[in-house]
Amino acid sequence: QVLAWGLRGLRSGVRAPSLEVHCGGRTLRTPPIADLTANPNFPINAFLLTLHLPAEEEYVPPIRLRVLDTRGFGYRPEVGQACVRDLGQYCCQPHGEGQPHGEEQPHGSGTPPPGSVPFAPRQILPRITTEKGAADKAEEEEEEEDDDEDDWWSKFYAAMGDTAKSRRRTNRDRLKIYSCELEALPEFEGLQDFCQTFPLYQGGHPAAGEDPVPVGEFKGLFCIYPLPEDPGVPPPPRHFQELPPSHPQKCLVRVYVVRAFDLPPRDRNGLCDPYVRVSLGTKTLGQRDQYVPNTLEPVFGRLFEVTGTIPLEKDLRVSLLDYDLLPPDQEIGTTTIDLENRLLSRFRAHCGLPTLYRTAGPGCWRDQLPPSQTLEDFARARGLPAPEFSAEGTAVTFGDKTFLLSHFESGPPTYRHAGTPRERLALHVLHACHLVPEHLETRTLYNSTQPGLEQGKVQMWVDIFPASLGPPGPPVDITPRKPQRYELRCVVWNTRDVDLGDTNLLGQRMSDIYVTGWLDGLEEQRQRTEVHYRSLQGDGAFNWRFVFSFEYLAAEQLCVLPRKARDTPGCGEHFWSLDETVLKVPPKLILQVWDNDKFSADDFLGVLELELTRLPQPAQHPQSCTPMPQGTPQSPWPWRGVQVPSQLSLFRQRRARGWWPCTVQEGGKRRLSGKLELSLELLTAKEAEERPAGKGRGDPNMYPTLPEPVRPEWSFLWLQAPLRGLRYGIWRQHRCRISLGLALLLLLALLFTFIYAAPGYLAMKLVNPLQSLQRAGGERP
């Protein structure tokens, strides 16, 4: 039997081609195609050719194909020809001998050999029911996930095994990622199970060593099976009875391009600026300005919707180009997808089957037909009786076997927007029929200038929706995750027990303390407090607010840092590198305590690093603030008495206040070097706009209002107040000695005065000049 489906890719001058099939001395000629541009399929597709072939397969002659054009006056020039060898792959059983009616199953690559029984639901489904039901029951027992916060990228990263970027706690809604093209998978028979593609060459098949240049393609299939030797026995039913419509179909094609990797560098900096271009027929989608700069592993997350008429426009081309400042852009690589094979394949390759049937939400059913109707169409195409559902939809009879919904689900679904039991059961049965699941294929890119050399890979998938079946469901949102802007407000209140790094003139240990802080990766937002001068005990009062603005990707728990290419190591340092690259780092607040020096470099006293997603629980009092023991936060020996400090996420709690320890590295170990009293508050961009707050104690000084710090009287700058410095630096420390010294000085002064005045006083006492004067005055007359 011959399935002559159609001709593809012939030159424009061909008018009305027909096909001649030669084998075993017999010739089959098909009617010509009237209008190749309107419908390249043959008007009659199935033919029977009775041959006498040898029993030994190695002696079976090949099938020769010739495509002839129809011209005027009976002229029939040859357009192209092909030779089909190894006919054993097309040998199959007649209908009624171990194969359901209407099923044609050649045993090519990935197919069963002659004599075996191909697809049989009554044999395959019972085994699948046991295995699949057990797996689903185990997953149903897991914790219910929040579907509203879920997205397609969580499903993608869960399939990649990256649990850090996936927020999924269960694996019920699965995504299959293939490491090659969908048509390269043996279980799907190259998507040529309905009909194969045979290249046509001018003058026959090219010789060995020559570069083949096909002039067109023939799409068809062959089935070779023995006829009964007794002429009285009726022949078996023919193959190729349940055929899809052969007229062209207008289809909506959705092309999802997720990411690419292993791209070759195209720029001088060893990177490239790729963007996607999708072509179908005369339509081309993709814009130059939508490129991803400075990367060899771009994440696109792009959806392209294009309409086309299949098979007139069957070759979908997905190209990656490198953006250049001055066009034309260089082509990185291209991959071509035959949409007709996917639409005709009975593995249902036009739209992958999701694991769950949802009526709304991120995983909403996107196909045109519900699972129950899809199961009916599948049975009709396979020549099987239509499935019969129970009134409640919890049981279905298909392939001479009854399946219950309880075989697949242990109880009512815990996920949201679950469909009816009838549709869920039909979807489970469809999955058991080994159809194409919801997937992501990895396609290799090639460049015509370097044939045969891989130019990277692109991960993508394609959905095809014929317009005759009605409108499809909503498309899948694969837009890359966008970060949300947050504002972190950190108030530094006090310090305690900070190391004393200086010694004053009087031999006292002291420090002029200040605190500086920034977010990891955002060093340009570095801020510092004012200086608390002359701290004699490591205490400091600041009441100072730090304000940091950053973008945070909640799904991956990473900060997104835009960087210029010239500022990124390894990306070149050219002044024309103006494109931004994106770095992702964990959200970490870094605070450092320093000792201010006027005439030398400042002394480093300690550091505190707080990861906002795993924030250590603060102490409520400075006495209970101790450094975290080594081996935390995850101690492998909890029975040894090592207490793991509890952690919190500031993105959930939003506020935290308390004491955290500062440490310094000494001798390979970290030592406690101080304590910081902080209050942390995390606000979204909208909340920060509604509740503004200034840096430091600047306006607007709100949320909370920060008063001037109350500091000891001796905490001041000596050069600004020398008398106060003498008062608090000398008098308060040495007032006893100074008082004793002053008393001694007074005594010495009195003693000196006494010693100095004593001789004159004694002389006056001895001489007594007043008495002599009185005596002399009394003797005068």
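Is Arg-657 buried, exposed or partly exposed? At 42% relative accessibility, Arg-657 counts as partly exposed, where buried means under 20% relative accessible area, exposed over 50% and partly exposed in between, with a 1.4 Å probe and protein chains only. The structure is a predicted model, in which local features need pLDDT of at least 70 and side-chain atom pairs count only at pLDDT 80 or more, while totals for chains, interfaces and linings use all residues. Residues are numbered from 1 along each chain as its sequence is written, and side-chain values use heavy atoms, with hydrogens and water left out.

The chain has nine helices and 34 strands; these are DSSP runs numbered from the N terminus, with helices (H or I) of at least four residues and strands (E) of at least two. Of its 781 residues, 48% count as buried. A contact is defined by heavy atoms within 4.5 Å. Among contacts between residues at least 6 apart in sequence, 67% join residues at least 24 apart.

Side chains of opposite charge can pair when their charged atoms come close. A salt bridge is counted where a side-chain nitrogen of Lys or Arg lies within 4 Å of a carboxyl oxygen of Asp or Glu, and the structure holds 40 of them. One of these joins the side chains of Lys-314 and Asp-338, at 3.3 Å from N to O. This pair links distant parts of the chain, 24 residues apart: Lys-314 is in the loop between β13 (299–310) and β14 (315–322), and Asp-338 is in strand β15 (residues 330–338). Both Lys-314 and Asp-338 are buried. The two residues also belong to a network of salt bridges that links them with Glu-217, Lys-219 and Asp-315.

A salt bridge is also formed by the side chains of Asp-497 and Lys-675, with an N to O distance of 3.4 Å. Here the linked parts of the chain are 178 residues apart, with Asp-497 in the loop between β21 (484–496) and β22 (502–503) and Lys-675 in strand β34 (residues 669–684). Asp-497 is partly exposed, at 43% relative accessibility, whereas Lys-675 is buried, with a relative accessible area of 8%.

Arg-657 pairs with Glu-677 in a salt bridge whose closest N and O atoms are 3.4 Å apart. Because Glu-677 lies in strand β34 and Arg-657 in strand β33 (residues 655–666), the pair ties together parts that are 20 residues apart in sequence. Glu-677 counts as buried, at 13% relative accessibility.

Glu-677 is also among the contacts of Val-492, a residue of strand β21. Val-492 is buried, with a relative accessible area of 0%. Leaving aside neighbours within four places in sequence, the contacts of Val-492 also include Val-515, Thr-529, Phe-542, Trp-544, Leu-676 and Leu-678. Val-492 and Ala-541 are 49 residues apart in sequence, and their C-alpha atoms are 8.4 Å apart in space.

Helix α2 (residues 152–160) has the buried residues Trp-152, Trp-153, Ser-154, Lys-155, Phe-156 and Tyr-157. These buried residues pack against β7 (176–177), β10 (249–261), β13, β19 (439–447) and β20 (450–466). The helix is followed by Gly-161, whose phi is positive, near 85°.

Helices α4 (residues 371–381) and α5 (residues 421–432) pack at an angle of about 40°, with their axes 7 Å apart; axes are lines fitted to C-alpha atoms, for helices over the stretch in contact, and angles run from 0 to 180 degrees between N-to-C directions. The two helices are therefore oblique to each other, since angles under 35 degrees count as roughly parallel, over 145 as roughly antiparallel, 65 to 115 as roughly perpendicular and the rest as oblique. In this contact, Pro-371, Ser-372, Thr-374, Leu-375 and Glu-376 of α4 meet Arg-422, Glu-423, Ala-426, Leu-427, Val-429 and Leu-430 of α5.

Thr-359 is found in the loop between α3 (339–344) and α4. At 46% relative accessibility, this residue counts as partly exposed. Beyond its neighbours within four places in sequence, Thr-359 is in contact with Cys-364, His-417 and Gly-419. Thr-359 and Arg-416 are 57 residues apart in sequence and 8.9 Å apart in space, C-alpha to C-alpha.
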